[in-house]
Amino acid sequence: MTPPAPRRPTMMNFAERSRELDHEHRKRLRGALPLTLSMRYLGSVLWRLRLGTAPVRAASAPRPPAGTVAITYVGHATAMITTPGSRILVDPMLENTLFGVRRAKAAGISAEDLADVDLVLVTHAHRDHLSRTSLARLPGSAPVIVPPHCERLVRRVGLLKVEELEPGHGYRSSDVEVTAVPVRHSGSRGLGDSARRGACGYVVRTSRHSIYVAGDTGYFSGFVEIGRRFRPDIALLPISGYEPAAFREEHMSPLDAVYAFEDLAARVMIPTSYGSFPLSYEPLEAPLDWLREIMRARGLPLCGAQAQGAEHGPCIAILDHGETVRFGKQKP
């Protein structure tokens, strides 16, 4: 395992860090032939169909007190950010199947919280991030923020307010300000829809917190700039979809995500996009196993259920589907 990298990377050493990541991935991901990977993937999909989807009993996450933010891992790329004045749902994907692939665990969100959503963020148009069936289950009055050229996809659901955000542009709602930021990911919907569509991440800022939501992205130099400009306390970073190795063009492995966490200079990392759908060739449990291995090697501790972000060194909060972590922090 690579020794800990510098905590404050710069644009000048990004190329060196990228080469280091490529080297580590070649050592870890080499050896399997494409046919072997394909057969292994087909086997995992068929096994999931046999097992079905495990139910999740998610407790409601009440609006937190002033100065606190709550983050719930709903499952796959879906997360919920709850502040005293807002309940934000990111990339709602609530169905139990996707293109015939069975979900391992159901979405972890209570009916009470679903009815309380008052802002939705969609990072790109892929069907596991922009699910019109899932969007139709949300309150029609909740504004939906989407990347460029995605508005019509959402308007067909009948939601009342849809707003496109270019990277660098912002949206203010209640006690939060949302800014779209670049990612390294394609935005096209695919399967009969070849339109060129945008993709973005988001930074959600309250008076006391800055939360970075990556959506789907490959490792890229933009993390350094996002960290410099927005100084996120909390980073929601995907950790799956990295096998075969070519998938890393648009997705991150756990090691990529830890490097991105360092580039952002955030205090807390919350991994996402694991444990729900087998959509790539690595086993469903592999991303979390690898992340825990990296944490042991680098001395990165787990965050507890109640995390006072300002008093932490860097730490990682691993959440099960439907689990919530709360952060309180006094800004200087």
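Student: Which residue's side chain makes a polar contact with that of Thr-179?
Tutor: In this predicted model, the side chain of Thr-179 is joined to that of Arg-205 by a polar contact of 3.3 Å.

Student: Where does Thr-179 lie?
Tutor: Thr-179 is part of strand β10, which covers residues 176-181.

Student: Buried or exposed? I mean Thr-179.
Tutor: Thr-179 is buried, because its relative accessibility is 3%, and the cut-off for buried is under 20%.

Student: What else does Thr-179 touch, leaving out residues up to four places away in sequence?
Tutor: Besides Arg-205, Thr-179 touches Gly-168, His-169 and Gly-170. Gly-201, Tyr-202, Val-203 and Phe-230 complete its list of contacts.

Student: What sheet is β10 in?
Tutor: Strand β10 belongs to an open sheet of seven strands with mixed pairing, in the order β9-β10-β11-β12-β13-β14-β16.

Student: Which are the edge strands?
Tutor: They are β9 (170-173) and β16, each of which pairs on one side only.

Student: How do β13 and β14 pair?
Tutor: Strand β14 (residues 268-272) pairs with β13 in the parallel sense, over five bridges.

Student: What is Leu-236 in contact with, setting aside neighbours within four places in sequence?
Tutor: Its contacts are Ile-71, Ala-79, Ile-211, Tyr-212, Val-213, Ala-214, Ile-270 and Thr-272.

Student: Switching to β1. Which strands does β1 pair with?
Tutor: Strand β17 (residues 323-328) pairs with β1 in the antiparallel sense over six bridges. Strand β2 (residues 78-82) also runs antiparallel to β1, joined to it by five bridges.

Student: Which residues stand opposite each other there?
Tutor: On the β17 side, Tyr-73 stands opposite Glu-323. On the β2 side, Thr-72 stands opposite Met-80.

Student: What is between β1 and β2?
Tutor: The two strands form a hairpin with two residues between them. His-76, in the turn, has a positive phi of about 55°.

Student: Why call β1 largely enclosed?
Tutor: Because eight of the eight residues of β1 (residues 68-75) are buried, the strand is largely enclosed by the rest of the structure.

Student: What about helix α7, how many of its residues are buried?
Tutor: Eleven of the eleven residues of α7 (residues 254-264) are buried, so this helix too is largely enclosed by the rest of the structure. The buried residues include Asp-256, Glu-262 and Asp-263, as well as Val-258, Tyr-259 and Phe-261.

Student: What happens at the ends of α7?
Tutor: Ser-253 caps the N-terminal end, with a side-chain oxygen 3.2 Å from the backbone nitrogen of Leu-255. After the helix comes Ala-265, with a positive phi near 55°.

Student: Now cysteines. How many disulfides are in the whole structure?
Tutor: A search of the whole structure finds one. Cys-303 and Cys-315 form it, with their sulfur atoms 1.9 Å apart.

Student: Where are Cys-303 and Cys-315?
Tutor: Cys-303 is in the loop between α8 (286-298) and β15 (306-307), and Cys-315 is in strand β16 (residues 315-316). The two are twelve residues apart, and the pair links distant parts of the chain.

Student: Why is the disulfide right-handed?
Tutor: Because the torsion about the S-S bond of Cys-303 and Cys-315 is about 90°.

Student: Are those two buried or exposed?
Tutor: Cys-303 is buried, with a relative accessible area of 11%. Cys-315 is buried as well, at 0%.

Student: What is the relative accessible area of Cys-150, and of Cys-200?
Tutor: Cys-150 has 0% and is buried. Cys-200 has 1% and is also buried.

Definitions and conventions:
Residues numbered from 1 in each chain as written. Predicted model: local features only at pLDDT ≥ 70, side-chain atom pairs only at ≥ 80, totals over all residues. Heavy atoms only, no water. Helix = DSSP H or I, 4+ residues; strand = E, 2+ residues; numbered from the N terminus. Buried < 20%, exposed > 50% of the residue type's maximum accessible area, 1.4 Å probe, protein only. Polar contact = N/O pair within 3.5 Å; in protein donor to acceptor, adjacent residues only side chain to side chain. Contact = heavy atoms within 4.5 Å. Pairing = 2+ DSSP bridges. Disulfide = S-S within 2.5 Å.
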